[in-house]
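Hi everyone, thanks for coming along. I'd like to walk you through one model today, so let's get it up on the screen.

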Amino acid sequence: MTEENEKKKKYLIQFRHKSMAVKRLEEQIEDLRKEKMYPSAVISDMPRGAGNQKDMSDYMAALDNLISRLVKAKYNRIKAYTEIQEKIDMLPDDIEQDVLYQKYIKGYSFERIADSLGYSWRQTIRIHGNALAHLEI
């Protein structure tokens, strides 16, 4: 049973991993844009040529690549969310649904889940175990 529950946890946690991937890409895009808007000052007595055109095309290519990856990552996150939510919604017990939703979609700790539901930490852990046992993936 424990091995099966570990597989289920791994399946459920994929949404949070995909969300983190989206966040990383958004941060990379923001960093790239900041870098282009506020480049570090280079002091040199060397003449500057038409290298600025190449710099801009490299920047645009890098930005376009990151944006394409972001769109794909967001699609994968939505797909994972939809699949996981459908599996959670199939559970017959609303409390079990709430625990799995808050744990794996919202990323809440067991303490926070217990507090929001008005249960003890131990009871929340038990409900989580029952929910995993009832979950079909």
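I'll start with the overall layout, then go to the cores, and finish with the aromatic rings.

A word of caution before anything else: what you see is a predicted model. The protein has 5 helices and 0 strands, so, reading from the N terminus, the order is simply α-α-α-α-α. Of its 137 residues, 27% count as buried. The accessible surface comes to about 9800 Å², and carbon and sulfur atoms account for 52% of that. If we take contacts between residues at least 6 apart in sequence, 71% of them join residues at least 24 apart.

Now, the inside. In soluble globular proteins, nonpolar side chains tend to be buried together. Here the largest nonpolar core has 12 residues, among them Tyr-11, Leu-12, Phe-15, Ile-84, Ile-88, Leu-100, Tyr-104 and Leu-132. Which elements give two or more residues to this core? They are α1 (2-37), α2 (51-89), α3 (94-105) and α5 (121-134). There is also a second, separate core of 9 residues, which includes Val-22, Tyr-59, Leu-63 and Ala-73.

Let me zoom in on Leu-132, one of the residues of the largest core. Leaving aside residues up to four places away in sequence, Leu-132 touches Asn-5, Lys-8, Lys-9, Leu-12 and Leu-100.

On to the rings. How many aromatic pairs does the structure hold? There is 1. Its partners are Phe-15 and Tyr-81, with ring centres 5.4 Å apart and planes at 55°, which is why we call the pair tilted. Phe-15 sits in helix α1 and Tyr-81 in helix α2, 66 residues apart, so the pair links distant parts of the chain. And are the two partners buried or exposed? Phe-15 has 10% relative accessibility and therefore counts as buried, the cut-off being under 20%. Tyr-81, at 30%, counts as partly exposed.

Last stop: charges over rings. The charged end of Lys-103 sits over the ring of Phe-110, 4.3 Å from its centre. Arg-112 lies over the face of Tyr-108, and there the distance to the ring centre is 3.8 Å.

Thanks, all, and over to you.

How values were computed
Residues are numbered from 1 along each chain as its sequence is written. This is a predicted model: local features need pLDDT of at least 70, side-chain atom pairs count only at pLDDT 80 or more; totals for chains, interfaces and linings use all residues. Side-chain values use heavy atoms; hydrogens and water are left out. A nonpolar core is a set of buried Ala, Val, Leu, Ile, Met, Phe, Trp, Tyr and Cys residues joined through side-chain atoms within 4.5 Å. Buried means under 20% relative accessible area, exposed over 50%, partly exposed in between (1.4 Å probe, protein chains only). Helices (H or I, at least four residues) and strands (E, at least two) are DSSP runs, numbered from the N terminus. Contact means heavy atoms within 4.5 Å. Rings of Phe, Tyr and Trp (its six-membered ring) pair if their centres lie within 6.5 Å; planes under 30 degrees apart count as stacked, over 60 as edge-to-face and the rest as tilted. A charge sits over a ring if NZ of Lys or CZ of Arg is within 6 Å of the ring centre and within 35 degrees of the ring normal. Accessible areas come from the Shrake-Rupley method with a 1.4 Å probe; for residues, only the protein chains shown count as cover.
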